[in-house]
Amino acid sequence: MSSSVAWLMLVIAGLLDVGWAIAMKYAEGYTRVGWSIASLVLLAAFVVLLGRALKVLEVGVAYSVWTGIGAAGTFIMGVVLFGEALSAMKLAGIALVLLGIVALKLA
């Protein structure tokens, strides 16, 4: 597998991580069956993609990028879907996470 394909898998895994976190929220402690199943499917999908990407990419960089995508994306979706609080300090923090992802990709 090429490095480009591995990076694509990593980004998709990060986006699936966001979906997983949101599905867990909607699953309400795994009491809603449909959302619970969706959560587990998303979990399995991102673990498989992350594992495949790790065959090519450095574990420290890949894991950091994956968690950064998940953290930033979940934060944004929390604001959009659930009206979670947004402040200048939170935006600055997410901007730093995103800058860190870019720096790791360029390193």
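**Figure 1. Secondary structure of the predicted model: four helices and zero strands.** Helices (H or I, at least four residues) and strands (E, at least two) are DSSP runs, numbered from the N terminus. Along the sequence the elements follow the pattern α-α-α-α. The C-alpha trace spans about 40 × 35 × 15 Å along its principal axes. Of the 107 residues, 30% count as buried, where buried means under 20% relative accessible area, exposed over 50% and partly exposed in between (1.4 Å probe, protein chains only). Among contacts with a separation of 6 or more, 66% come from residues 24 or more positions apart; a contact means heavy atoms within 4.5 Å. This is a predicted model, in which local features need pLDDT of at least 70 and side-chain atom pairs count only at pLDDT 80 or more, while totals for chains, interfaces and linings use all residues. Residues are numbered from 1 along each chain as its sequence is written, and side-chain values use heavy atoms, with hydrogens and water left out.

**Figure 2. The crossing of helix H1 (residues 3-27) and helix H2 (residues 33-53).** The two axes come within 8 Å and cross at roughly 160°. Axes are lines fitted to C-alpha atoms, for helices over the stretch in contact, and angles run from 0 to 180 degrees between N-to-C directions. H1 and H2 are therefore roughly antiparallel to each other, a term used for angles over 145 degrees. Their crossing is left-handed, that is, the near helix is turned anticlockwise from the far one by less than a right angle. The residues of this contact divide into 20 nonpolar, three polar and two charged. Ala, Val, Leu, Ile, Met, Phe, Trp, Tyr, Cys and Pro count as nonpolar, Asp, Glu, Lys and Arg as charged, and the others, Gly among them, as polar.

**Figure 3. Helix H3 (residues 59-82) and its buried residues.** The end C-alpha atoms of H3 are 33 Å apart, which agrees with the 34 Å that its 24 residues should span at 1.5 Å a residue; the expected span is 1.5 Å times one less than the number of residues. Buried residues of H3 include Val-61, Val-65, Trp-66, Ile-69 and Phe-75. Their cover includes H1, H2 and helix H4 (88-106). Just after H3, Gly-83 takes a positive phi of about 65°.

**Figure 4. Gly-73 in helix H3.** Gly-73 is buried, with a relative accessible area of 18%. Gly-73 and Gly-19 lie 54 residues apart in sequence, and their C-alpha atoms are 8.9 Å apart in space.

Note on methods. Parallel < 35°, antiparallel > 145°, perpendicular 65-115°, else oblique.
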